[in-house]
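Thanks for making the time this morning. Please have a look at the structure on the screen, and then I will take you through it step by step.

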Amino acid sequence: MKARVFVTLKSGVLDPQGKAIQHALEGLGFEGVNDVRAGKLIELDVADCTSQDDIDAMCRKLLANTVIENYRIEAIG
Amino acid sequence: MKSAVIVFPGSNCDRDLAVAFEAVSGRKPEMVWHRETELPEGLDLIGVPGGFSYGDYLRSGAMAARSPIMQAVAQAAARGTYVLGICNGFQVLTEAGLLPGALMRNAGIHFVCRSVALTVENRQSAFTSRYEAGETINVPVAHHDGNYFADAQTLDRLEGEGRVAFRYAEAVNGSARNIAGILNESGNVLGMMPHPERAIEKLHGSTDGRRMFEGLTEGLLARV
């Protein structure tokens, strides 16, 4: 079973990498780029018996630092 | 003073920290590999060194904080053993929940590598007892992810309880309230981004870090 975990910085937390990407896009001539925030995608391939709670625990205990990050889980079959 | 330095894969300031411990206390620390589950007996002080543990993969210090040895370190801290986390060590301590908050990417994006001025905010702990209150000292920093973050409530509590140990005298990396180092509630765990172990002898260009280790040696010897 595959699950995808998206880890993003909480809103209000400074994202200098996102800002750098925004400036680079503007430098390439793209207009109207209001904001950019960069996160992480972690793809998990786990045994079918792995529960949603297990994956949630993986997120809380390691994959995301809940002081500064949010996470979203997408299970794909 | 019996001390140990934890070594993770990717730690690179462990030997400098060991040199500092030995130079000031007169006793070589034990180097403890992260996969050990037990610490040496009778430790007074545990050093969690700088470097790039686990290559900073996922988040700086995230995986090191979950190493087998860290359970023993947490238990030792709970018993009152002193713990000093420097740079990556500070990151490990926040990830392990031994200190509040988190260290993020420097606000200015750049890796900052220079000597910075710090003010000693709290001289009540063994770590800072050899400094004067409000004293300015020079200590090098070398980090990419030193931007200290905590929510307003936590920051107010840290300030209110006198747990900010060091503050940057000028903006260095965007840290909230320019916080450079903090203490836990019981005052036996200190995490700081600057490297005091790189300011202990004249060749370093500053000996301002030496007094941290002297304060610890003094304070810990006095406890027996």
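Predicted model: local features only at pLDDT ≥ 70, side-chain atom pairs only at ≥ 80, totals over all residues.

Staying with chain A, its secondary structure consists of 2 helices and 3 strands, which follow one another from the N terminus in the order β-α-β-α-β. Chain A is more spread out than a compact globule, because its radius of gyration is 16 Å, well over the 11 Å that the globule rule gives for 77 residues. Along its principal axes the C-alpha trace of chain A spans about 50 × 25 × 15 Å, and 13% of the 77 residues of this chain count as buried.

Let me turn to chain B, where the mean pLDDT is 96 and 99% of the residues reach 70 or more. The largest nonpolar core in the model has 75 residues, and the members that touch the most others are Ile6(B), Ile46(B), Val73(B) and Val83(B). Helix α2 of chain B, residues 69-78, contributes the largest share of this core, with 6 residues. If we take Ile46(B) and leave aside its neighbours within four places in sequence, its contacts are Ala4(B), Ile6(B), Val73(B), Ala76(B), Thr81(B) and Val83(B). There is also a second, separate core of 6 residues, and among them are Ala3(A), Cys59(A), Ala64(A) and Tyr71(A). As general background, nonpolar side chains tend to be buried together in soluble globular proteins.

Definitions and conventions: Residues numbered from 1 in each chain as written. Chains lettered and ligands numbered in written order. Core = buried A, V, L, I, M, F, W, Y, C linked by C-beta atoms within 7 Å. Buried ≥ 20, exposed ≤ 12 C-beta atoms within 10 Å, placed from the backbone. Helix = DSSP H or I, 4+ residues; strand = E, 2+ residues; numbered from the N terminus. Contact = placed C-beta atoms within 7 Å. pLDDT = per-residue confidence, 0-100. Rg over C-alpha atoms; globule rule 2.2 N^0.38 Å.
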